[in-house]
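Please view the sequence and structure below before reading on.

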Amino acid sequence: MSIERKDEHDHGEWLREKELTPIETTFLTTLIWMDKRFRIVDYLEILETLYYRVNLQMPKSHTEQYGLDNKFWYWYPLYALGSFSTIAYVVAAVSGALLGFYYSPSTAGDPTAAYNQLAYIMADLNFGFMLRSIHRWAAQVMVAAVFLHMLRVYFTGAYKEPREVNWILGIILISLTMVFGYTGYLLPWDQLAFWAGQIGVEMSLSVPLVGEWVAQLLFGGFSLSQATLQRMYILHVFLLPFVVTTLIAVHIGIVWMQGIAEPH
């Protein structure tokens, strides 16, 4: 990217000479305005060069290799599970953010306040029941879609070279999805959440050598308490969303560079 000052050019006259639609004119005018201030075109050229260099290193797809025109496989429902998982995640994230305006893990150190606030959301808040139902179903759909997506990748051999890195990312994502579901399961602090949390404590304690340390770190002790609810809330709201969103972006970016693995 050169740092020399570019020659001035009459962009207005150039636009008038072209037969452009209003949409094209608006787009080019905006691009020219931004380029004069932020040199956008230079960065677009770098990205374009990087894109072609990366894609030249990828092996030919099955369709290109054998000259197939009918890509019927692409529309097979199992090939949409990755996108379906992402949509479910976005719905769960948006609905969860809205629920966060009305939910708090506790007040004055009393964990039962979490259940009382959930009861308020479900019974008294306008559209609260619908909002929580959307969040819960989106989370369940995401878990199912991610699991089926991993099965599709495995049985079509899409985990093989050069896509092994994305396969590992997928394993990490499905693991974090389960952690997402578990931490959210405990937030209502009802009977189901209490006993699910107690099972989690016992499982942590069963880890050899470091079991007690794991239980204290994740659950705040060897029995459920206010500290347990706070830890689950922090994981579910402040840590996991940023980690999972970043990994999903990297995962999708790799798919964009490598292309979707076609069945053989």
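## Contacts along the chain

Among contacts in the protein between residues at least 6 apart in sequence, 65% join residues at least 24 apart; a contact means heavy atoms within 4.5 Å. The model is a predicted one, in which local features need pLDDT of at least 70 and side-chain atom pairs count only at pLDDT 80 or more, while totals for chains, interfaces and linings use all residues. Residues are numbered from 1 along each chain as its sequence is written, and side-chain values use heavy atoms, with hydrogens and water left out.

## Confidence

The protein has a mean pLDDT of 84, and 85% of its residues reach 70 or more; pLDDT is the predictor's confidence in each residue, from 0 to 100. Residues 1–5 have a pLDDT below 50, and beyond near neighbours in sequence this stretch has 7 contacts in the model.

## Secondary structure and surface

The protein contains 11 helices and 0 strands, these being DSSP runs numbered from the N terminus (helices H or I, at least four residues; strands E, at least two). Of the 264 residues, 31% are buried, that is, under 20% relative accessible area with a 1.4 Å probe, protein chains only.

The accessible surface amounts to about 18,000 Å², and carbon and sulfur atoms account for 67% of this. Such areas come from the Shrake-Rupley method with a 1.4 Å probe.

## The largest pocket

The largest pocket has a volume of about 970 Å³. Elements giving two or more residues to its lining are α5 (81–99), α6 (112–123), α7 (128–155), α8 (164–186), α9 (191–205) and α11 (226–258). Of these, α7 gives the most, with 7 residues.

A pocket is an open set of points on a 1 Å grid over the protein atoms alone, where a 1.4 Å probe fits, with protein on both sides within 12 Å along at least five of seven lines; lining residues have an atom within 4 Å of a point. A volume is the space filled by probe spheres set on the points, which are joined across faces, edges and corners.

## The second largest pocket

The second largest pocket has a volume of about 750 Å³. It is lined by 32 residues, and Gly82, Ser83, His149, His251 and Val255 are the closest to its centre. Two or more lining residues come from each of α5, α7, α8 and α11, with the largest share, 6 residues, from α7.

Note on methods
Buried < 20%, exposed > 50% of the residue type's maximum accessible area, 1.4 Å probe, protein only.
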